Amino acid sequence: MFFLKKFLSAFLLPPGLFVLALLLISFFERKKRLTYYTSVSLALLIYMLSIEPVKDALLTPLESKYPVPEKFQADAIVVLGGGSYSTGILKEDSMKRLLTALILHKRTGLPIVLSGGAEHLPDAEIMKSLLVELGVDRRDIITEVRSRDTEENASYVREICQQRNYKSVVLVTSAYHLPRAVFLFKKEGLSVIPYPTDFKRDLRYNLYSLLPKMSVLNDSVKALREYLALLSLRLPEWLP
């Protein structure tokens with residue numbers, strides 16, 4: 001009965017609902033071969049991206065590239081914003097990155113550079129307010145609020161490092177985002193120590209892992225976006 005409830009809810013809500021709708025379209029339009037094959041293909045694609053084993057397979061190459069360092073020597077901790085709501089609340093990725101930076105700051109006493117802008121309220125300012133409330137001295141926090149993407153994060157953080165004579169920084173961001181961030185920071189000539197956090201992989205499966213979930217689809221899309229972004233960065237190097 002419990003599994004039946006989970007199964008029904010999985011296919012009465014997105015993305016399972018979309019899979020079911022596409023399969024119904026393919027059934028009723030099975031005489032139209034193009035519509036049939038298109039509907040079945042889309043249903044299969046959405047389903048696959050919405051289950052945990054496929055999500056983990058997409059994330060593993062990204063999240064396993066840089067292990068969590070046990071020891072390091074650096075001049076500062078750099079945290080990349082991962083988005084916030086217009087209400088001034090950090091999104092999940094930003095919050096996990098911030099908590100990791102807080103732990104590292106308490107452990108090392110290193111200053112924290114918060115990088116991330118937004119149209120409404122910059123991620124860096126929201127993160128700074130939270131850190132101050134959690135007891136971090138304002139003098140240990142540097143904010144960069146102009147950047148709109150990872151490439152600008154790297155560029156503006158480089159300016160801060162030059163101004164403050166930081167030779168090496170710990171780069172804190174989500175594990176899936178770290179390969180692209182490291183590439184762009186090194187492209188700016190920065191010496192970075194990658195510090196992954198916010199791991200999305202579970203790698204523990206049961207029957208429920210095969211039910212489609214919106215949160216899983218969201219993580220799969222994040223992984224695909226990273227691959228596309230990395231491809232766009234690497235493509236000019238491969239072209240003659």
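Modeller: Five strands form an open sheet with parallel pairing, in the order β3-β2-β1-β4-β5. Strands and helices here are DSSP runs, E of at least two residues for strands and H or I of at least four for helices, numbered from the N terminus. Two strands pair if DSSP finds at least two bridges between them. This is a predicted model, so local features need pLDDT of at least 70 and side-chain atom pairs count only at pLDDT 80 or more, while totals for chains, interfaces and linings use all residues. Residues are numbered from 1 along each chain as its sequence is written, and side-chain values use heavy atoms, with hydrogens and water left out.

Colleague: Which strands stand at the edges?

Modeller: β3 (141-144) and β5, each with a single partner strand, so one side of each has no neighbour in the sheet. Neighbouring strands are turned by 25 degrees against each other on average, direction ignored; the axes are lines fitted to C-alpha atoms (for helices over the stretch in contact), and angles run from 0 to 180 degrees between N-to-C directions.

Colleague: How many bridges join β1 to β2?

Modeller: Four, with β1 and β2 (residues 112-115) running parallel. L80 has S115 as its bridge partner in β2. Between the two strands the chain passes through α5, and this β-α-β crossover is right-handed, meaning that with the strands pointing away from the viewer the path from the first strand over the helix to the second runs clockwise.

Colleague: And which strand pairs with β1 over four bridges in the parallel sense, besides that one?

Modeller: β4 (residues 168-174). V78 is bridged to L171 there, and V79 stands opposite V172.

Colleague: Is β1 buried or exposed?

Modeller: Five of the five residues of β1 (residues 76-80) are buried, so the strand is largely enclosed by the rest of the structure. Buried means under 20% relative accessible area, exposed over 50%, and partly exposed in between (1.4 Å probe, protein chains only). A76, V78 and L80 point one way, I77 and V79 the other, and all are buried. In a regular strand the side chains alternate between the two faces of the sheet.

Colleague: What about β4, buried or exposed?

Modeller: Seven of the seven residues of β4 are buried, so β4 is also largely enclosed by the rest of the structure. β4 pairs with β5 in the parallel sense over seven bridges, including S168 with S191 and L171 with P194. β4, α8 and β5 make a right-handed β-α-β unit.

Colleague: Switching to charges. How many salt bridges are there?

Modeller: A search of the whole structure finds 15. The criterion is a side-chain nitrogen of Lys or Arg within 4 Å of a carboxyl oxygen of Asp or Glu.

Colleague: Which residue does D93 pair with?

Modeller: K200, with the closest N and O atoms 2.7 Å apart. D93 lies in helix α5 and K200 in the loop between β5 (191-197) and α9 (214-238), so the pair ties together parts that are 107 residues apart in sequence. D93 is buried at 5% relative accessibility, and K200 is buried at 9%. Salt bridges with shared partners join E92, D93, K96, D198, K200 and K222 into one network.

Colleague: How far apart are K96 and E92 in helix α5?

Modeller: Four residues, which is about one helical turn in α5 (residues 92-108). K96 is partly exposed at 31%, and E92 is partly exposed at 46%.

Colleague: What does E29 meet in a salt bridge?

Modeller: K32, at 3.4 Å, N to O. E29 is partly exposed at 26%, whereas K32 is exposed at 51%.

Colleague: Last topic. Which residues form the nonpolar patch on the surface?

Modeller: L4, F7, L8, L12 and L13, with about 480 Å² of accessible area together. Areas come from the Shrake-Rupley method with a 1.4 Å probe, and for residues only the protein chains shown count as cover. Patch residues have over 30% relative accessible area and no salt bridge; nonpolar side chains (Val, Leu, Ile, Met, Phe, Trp, Tyr) are joined within 5 Å, like charges within 9 Å. L8 is in helix α1 (residues 2-12) and is partly exposed at 43%.
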